[in-house]
Amino acid sequence: MTPLRVFLERAFGIDLRTLALFRAALGGVLLADLALRSLNLRAFYTDFGVLPRDWMVIVNGPWRLSLHAANGELWFAALLVAVEALAALALFLGWRTRLATLVAFVLHGSLLNRNALVLFGGDPLLVCLLFWGMFLPLGSRWSVDSALSRAPLQPNAHLSWASAGLLLQVLSVYFFSALLKTGREWWPEGTAVWYALSIDGYITPAGEWLRDFSPVTHAITYLVYFLELLGPPLAIVPFLLGLAAARSYAFADASRFAVMVVLAAMHAGFIVFLSIGPFPFISLASLTVLTGGWLWDALARAVRRAQPRSLQIYYDRDCGFCLRMVMLLRTFLLLPAAEIAPAQDTQRARLLLEANNSWVVLEDDRAWIKWPAFVVLLRRSALFFWLGRLLSGRWLVGAGDAAYELVARHRGALGRLSARLLPFHERPLELGPAAAGCAGLFVCAVAAGNLWSSARSAGPGTTAIAAGAAALALAALWLSRARIAHVFAAALVLAFLAWNLGTIRLIPAPLRAALMPPLSLLRVDQLWDMFAPFPSKEDGWFVIPAELTAGS
């Protein structure tokens, strides 16, 4: 492997185990967000609430499309939220991960477009994370998809344009937010946090207490500002040192990990002192992508040292449902070293199976069946060992065995159902650049068309930009199909970067205007201006005239 390839993998690659953690965090945050929104479905997402559909068109403009606007009734809004919740649950579990991510992306963007008046800063970030997740192998580890896959296991390191796009997306939130904080309240005065804690709609009781300590709020202001400004470069730039000396990658890994921890601590502070909706939780989910593969390797070594004993799981060869369940248990209980085999192939396991009509778990020379076997697996799990200890009491054995026997009596029906819902498969879990390339082609084609249209009535600067875009498209046609996909996948990453640069006015205005329609249609246009250029110094509440059901 060349030094350049090593640098790219270390700087812009994401470990597949990290993507699994990101997938679970993203699915969990999305489920929680939908649960909170469902409490106000009628008020916010129907024609009987604060934004009927005819008003929505005025608020959104021409590029905000919403499936939720197809019907203004409560039942329709509830139906779409329920479908999205199922997609979020599937994403969390890694079941049909690609389809689940796509459905969640489309429906969540549609939900945000239905009522832009109730959005927080983290809502667009959630859609952007789902967007990049569509092009990444989120289900390659610790998922239903990976548990039932018969495809060869891929290396943990994953490098693609989408992995670079996701990393840059996460870091852009902080970097461009800092660049947009141009008010003196952030620097040099240091009063921004005090003003933020003075907004009644955001402050918590803990924040009200903190506001009384002016020197502390000054220090926190400087900390937040410089952490957002310097954290993203410190997560990327140190990897350049690895091109000169490979041992420098250890320092770069430590630098990125430190940035992740400090940013996570900052969001924990937001949760305690400010009530700003789901933004800090979505941000915490996004920060998981900074977890390096070295950390997973260290944890795996620690687990192996702590549990040196062997573990075998035996199932009935004639029960497809049984095989699926033990494979899922091995995956989700994080027991990769556990051996799975038919009980009929081992005399001891076969005799126990025939005598007890049960699966068998062997831990060294000790055998377990039915409910106690499940508890043993929980106790061996690095993630759920605490649950195994809670469920290991003798008082639960009778009820647990009864539950096991109930499942065993219906394993024929369960086998037919699981064969349809949980089939074994050989489809690759890794994704090529084609999907991201198609998205990049769409963005480039629409943007180039907009540039060309504006160039016909604009000055030479716009004409030059349009000509350059057309030349790039023509040059791509001379490449092979795979290289075309890479070109447009790279163009997609650059389009996101160009859009964020446009928010601080570092790209020509015609280019940003050309990017607005495709990025707005995808609901990935973004502006990280929370508390920028400075926190609001005015306070207030939305007042919406309405008639109560009582007639008042």
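User: Where is Arg-505?

Analyst: In this predicted model, Arg-505 sits in the loop between helix H24 (481-503) and H25.

User: Is it buried or exposed, Arg-505?

Analyst: Arg-505 is exposed, with a relative accessible area of 75%.

User: And what is the phi of Arg-505?

Analyst: Arg-505 has a positive phi of about 60°, although it is not a glycine. As background, most residues other than glycine have a negative phi.

User: OK. What about phi of Asn-357?

Analyst: Phi of Asn-357 is near 50°, a positive value in a residue other than glycine. Asn-357 is in the loop between helix H17 (347-356) and strand S5 (360-363). At 47% relative accessibility, Asn-357 counts as partly exposed.

User: Which peptide bonds are cis?

Analyst: A cis bond joins Trp-187 and Pro-188, with omega about 15°. The bond from Ala-532 to Pro-533 is cis as well, with omega near 0°.

User: Where do Pro-188 and Pro-533 fall?

Analyst: Pro-188 is in the loop between H9 and helix H10 (192-196). Pro-533 is in the segment after helix H25 (509-521).

User: Switching to cysteines. How many disulfides does the structure hold?

Analyst: The structure holds one disulfide. Cys-319 and Cys-322 form it, with their sulfur atoms 2.2 Å apart.

User: What hand does the disulfide of Cys-319 and Cys-322 have, and why?

Analyst: The torsion about the S-S bond of Cys-319 and Cys-322 is about 80°, so the disulfide is right-handed. Both Cys-319 and Cys-322 are buried.

User: Cys-322 is in a helix, H16. Which residues of H16 are buried?

Analyst: In H16, the buried residues are Phe-321, Cys-322, Leu-323, Arg-324, Val-326, Met-327, Leu-328 and Thr-331.

User: What covers the buried residues of H16?

Analyst: The cover includes helix H8 (144-147), strand S3 (311-315), strand S4 (339-342), helix H20 (397-409) and helix H21 (411-421).

User: How far does H16 reach from its first C-alpha to its last?

Analyst: H16 (residues 320-332) has 13 residues and reaches 19 Å, close to the 18 Å expected at 1.5 Å a residue. H16 is followed by Leu-334, whose phi is positive, near 55°.

User: What span should H7 have?

Analyst: The 12 residues of H7 (residues 122-133) should span 16 Å at 1.5 Å a residue, and the end C-alpha atoms are 16 Å apart, which agrees.

User: At what angle do H6 and H7 pack?

Analyst: Helix H6 (residues 97-114) and H7 pack at about 155°, with their axes 9 Å apart. That makes H6 roughly antiparallel to H7. Their crossing is left-handed.

User: Which residues make the contact of H6 and H7?

Analyst: From H6, Thr-101, Ala-104, Phe-105, His-108, Gly-109 and Leu-112. From H7, Asp-123, Pro-124, Leu-126, Val-127, Leu-130, Phe-131 and Gly-133.

User: And H2 with H7, at what angle?

Analyst: Helix H2 (residues 16-38) and H7 pack at about 140°, with their axes 11 Å apart. H2 and H7 are therefore oblique to each other. The crossing of H2 and H7 is left-handed. Phe-22, Leu-26, Leu-30, Asp-33 and Arg-37 in H2 meet Asp-123, Leu-126, Leu-129 and Leu-130 in H7.

User: Last one. What is Trp-161 in contact with?

Analyst: Leaving aside neighbours within four places in sequence, Trp-161 contacts Trp-132, His-486, Ala-489, Ala-490 and Val-493. Trp-161 lies in helix H9 (residues 161-180) and is partly exposed, with a relative accessible area of 36%.

Terms used: Residues numbered from 1 in each chain as written. Predicted model: local features only at pLDDT ≥ 70, side-chain atom pairs only at ≥ 80, totals over all residues. Heavy atoms only, no water. Disulfide = S-S within 2.5 Å. Buried < 20%, exposed > 50% of the residue type's maximum accessible area, 1.4 Å probe, protein only. Helix = DSSP H or I, 4+ residues; strand = E, 2+ residues; numbered from the N terminus. Expected span 1.5 Å × (residues − 1). Contact = heavy atoms within 4.5 Å. Axes fitted to C-alpha atoms, helices over the stretch in contact; angles between N-to-C directions. Parallel < 35°, antiparallel > 145°, perpendicular 65-115°, else oblique. Left-handed = near helix turned anticlockwise from the far one by under 90°.
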